[in-house]
Amino acid sequence: MSASSNLIQELQQKAALLRARVIETSHRAGLPHLGSCLSCMDLLTALYFYQLNIDPKNPADPTRDRFILSKGHGVPALFQVLAMRGYFPVSDLDHYGEDGGVFGEHPPTPSHLAGIEAATGSLGHGMPMGLGMALAARVKAQPYSVYAILGDGECNEGSIWESAMLAGAQMVSNFCVLIDFNKWQATDRSEQVMALNPLADKWRAFGWDTLEIDGNNTQAILEALECFPSKTGKPLAIIAHTIKGKGVSFMEDDNNWHYRIPTAEEVALSKKELGIAS
């Protein structure tokens with residue numbers, strides 16, 4: 001069933017507000033990785049406000065769906081999403097980046113913050129943790145599903161492909177990965193660093209049902225998620241073609257925003273482009 005235009009518009013508005021909050025927080029706290037956060041924001045918004053079976057009032061529910069941000073440096077986006085979803089007050093993020101706090105450049109341990117399922121940051125680790133959780137659901141006869149967002153540069157890691165082989169061999173049908181394919185990693189184009197393409201064919205060869213979508217198109221994301229779980233019993237890989245820095249014209253496809261911190265003027269310009277009042 002196709003999502004309604006009202007739902008799509010609502011999700012797009014949430015994503016715009018979340019982008020503005022990430023940019024503003026980066027300026028205030030002096031923390032980087034803006035481009036990586038903006039590229040995956042539409043994916044996070046669709047997951048948390050449409051797809052995931054979760055209850056912020058009962059974050060430890062054993063039947064809850066699990067989400068793993070394997071590209072842990074994108075956690076500034078996840079923090080904003082969790083706050084908007086009701087896991088903790090938005091005002092808590094006023095303390096982002098403070099010494100001794102839980103809001104840093106990568107996810108904390110789950111015991112330190114509701115809504116976090118795994119402390120990630122060392123690339124390649126989140127996906128195998130998610131796979132373990134998905135297999136645990138099978139062993140325990142639990143109904144939950146597991147989702148993970150990977151970076152395209154993260155797919156350079158051998159642990160990603162070891163996990164992909166195991167998930168394919170074991171037909172882990174309750175496991176879905178979304179690859180934030182923004183075509184950049186820290187220092188260069190992803191394809192220039194490693195021979196990443198043809199990325200979709202690689203996942204298919206490892207035994208996954210695989211879709212390619214515009215990862216910044218809300219309707220396309222929802223339609224892809226409606227294909228999960230797959231009727232074939234295979235795990236699902238969604239190759240989400242995204243734009244690094246999506247939503248702000250002077251940040252889009254500019255890898256300088258992997259590390260750059262926006263000025264107050266750039267924050268104001270970004271919010272204007274996103275249609276968010278100052």
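A charge is taken to sit over a ring if NZ of Lys or CZ of Arg is within 6 Å of the ring centre and within 35 degrees of the ring normal. The model discussed here is predicted. In it, Lys-183 places its charged end over the ring of Phe-181, at 4.2 Å from the centre of that ring. Arg-66 provides another example: its charged end lies over the ring of Tyr-144, 3.8 Å from the ring centre.

Across the whole structure, a search finds eleven aromatic pairs. One of them joins Trp-161 and Phe-206, whose ring centres are 5.0 Å apart and whose planes stand at 50° to each other, a tilted arrangement. This pair connects distant parts of the chain, for its members are 45 residues apart. Trp-161 belongs to helix 5 (residues 158–169), whereas Phe-206 lies in the loop between helix 7 (199–205) and strand 4 (209–214). Trp-161 has a relative accessible area of 15% and is therefore buried, since buried means under 20%. Phe-206, at 26% relative accessibility, is partly exposed. Both residues belong to one aromatic cluster, which also includes Phe-175, Trp-203 and Trp-208.

Helix 4 (residues 126–140) and helix 5 pack at an angle of about 20°, and their axes are 9 Å apart. The two helices are therefore roughly parallel, because angles under 35 degrees are counted in that way. The crossing of helix 4 past helix 5 is left-handed. On the side of helix 4, the residues that meet helix 5 are Met-127, Pro-128, Leu-131 and Leu-135. Their counterparts in helix 5 are Ser-159, Ile-160, Ser-163, Ala-164, Leu-166 and Ala-167.

Which residues does Ser-163 contact, leaving aside its neighbours within four places in sequence? They are Met-127, Pro-128 and Leu-131. Ser-163, found in helix 5, has 5% relative accessibility and so counts as buried.

Helix 8 (residues 218–225) is mostly covered, with six of its eight residues buried. These buried residues are Thr-218, Ala-220, Ile-221, Leu-222, Ala-224 and Leu-225. They pack against helix 1 (5–29) and helix 2 (34–51), and also against strand 2 (146–151), strand 3 (175–181), strand 4 and strand 5 (236–241).

Terms used
Residues numbered from 1 in each chain as written. Predicted model: local features only at pLDDT ≥ 70, side-chain atom pairs only at ≥ 80, totals over all residues. Heavy atoms only, no water. Phe/Tyr/Trp six-rings, centres within 6.5 Å; stacked < 30°, edge-to-face > 60°. Helix = DSSP H or I, 4+ residues; strand = E, 2+ residues; numbered from the N terminus. Buried < 20%, exposed > 50% of the residue type's maximum accessible area, 1.4 Å probe, protein only. Contact = heavy atoms within 4.5 Å. Axes fitted to C-alpha atoms, helices over the stretch in contact; angles between N-to-C directions. Parallel < 35°, antiparallel > 145°, perpendicular 65-115°, else oblique. Left-handed = near helix turned anticlockwise from the far one by under 90°.
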